[in-house]
Amino acid sequence: MVKFICGTKGTGKTKRLIEMANEDIQTGNGNIAFVDVDDNHIFTLDYSVRLINAMEFNIKSIESFYGFLCGTIGMDYDLEKIYVDGIYKIINIDPDQLKRLDEALEEISEKFNTDFYIGLDYTSDQIPEELKGKAEVLEIK
C-alpha cells in the first residue's frame with residue numbers, strides 16, 4: 001500500500017507521520033523505517049523506529065529515491081512500513097513523477113509486503129485525480 005500525507009508547510013505532515021510511525025511500532029510485528037532529510041526527529045521517534053537521513057545518500061532524482069527505497073527493503077526483509085518526510089525538499093516531485101512513483105512503489109509494496117507513507121508538499125487540488133483516494137490532505141487549523 002502507498003499512502004500520501006499531503007499539505008502545505010505548517011499543516012502538521014511531520015507530526016502526523018511521526019505519530020503514525022510511533023503507533024505502528026507498538027502495534028505491528030515488523031520493523032519500521034522513517035526517512036527524513038535531517039536527524040531532527042531522533043528524540044521524537046520511538047527508539048525502535050529506524051531513522052534514516054536521506055541527505056547522506058546523494059538522492060538527486062525520483063529514480064534514485066526509488067532505488068534508495070528498494071535498497072532499504074533489500075537490507076531488511078522484516079521491514080513492514082516506511083515513512084518518508086521532507087523528501088520534496090531535495091528532489092522535485094511533479095504530478096507525472098508522482099504517478100510513476102506510486103506505480104513503482106505499489107509493485108514493490110505487494111512483492112515485499114511493505115507499506116509506504118510519503119509526506120508531500122501538495123494541496124488537494126495539486127494531487128493527480130487518480131491518486132486522490134490515496135491521499136490524506138492536512139489543512140492548517
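**Exercise 1. State what share of the protein is buried, and compare its radius of gyration with that of a compact globule.**

Solution. Buried residues (under 20% relative accessible area, 1.4 Å probe, protein chains only) make up 48% of the 141 residues. This is a predicted model, in which local features need pLDDT of at least 70, side-chain atom pairs count only at pLDDT 80 or more, and totals for chains, interfaces and linings use all residues. Residues are numbered from 1 along each chain as its sequence is written, and side-chain values use heavy atoms, without hydrogens and water.

Next, take the radius of gyration over C-alpha atoms; the globule rule is 2.2 Å times the number of residues to the power 0.38. For 141 residues a compact globule would have a value near 14 Å, and the protein agrees, because it has 14 Å.

**Exercise 2. Give the order of helices and strands.**

Solution. Helices (H or I, at least four residues) and strands (E, at least two) are DSSP runs, numbered from the N terminus. The protein has three helices and six strands. Along the sequence, the pattern is β-α-β-β-α-β-α-β-β.

**Exercise 3. Describe helix α3, its ends and its packing.**

Solution. Step one: α3 covers residues 95-112, and its 18 residues reach 25 Å from first C-alpha to last, close to the expected 26 Å (1.5 Å times one less than the number of residues).

Step two: at the start of α3, a side-chain oxygen of Asp94 comes within 3.1 Å of the backbone nitrogen of Asp96. Just after α3, Asn113 has a positive phi of about 55°.

Step three: the buried residues of α3 include Leu98, Leu101, Asp102 and Leu105. An α-helix has 3.6 residues a turn, so residues three or four places apart point the same way. The buried residues of α3 pack against β1 (2-6), α2 (62-75) and β5 (115-120), where contact means heavy atoms within 4.5 Å.

Definitions and conventions:
Buried means under 20% relative accessible area, exposed over 50%, partly exposed in between (1.4 Å probe, protein chains only). A polar contact is a pair of N or O atoms within 3.5 Å; within protein, one must be able to donate a hydrogen and the other to accept it, and residues adjacent in sequence count only if both atoms are side-chain atoms.
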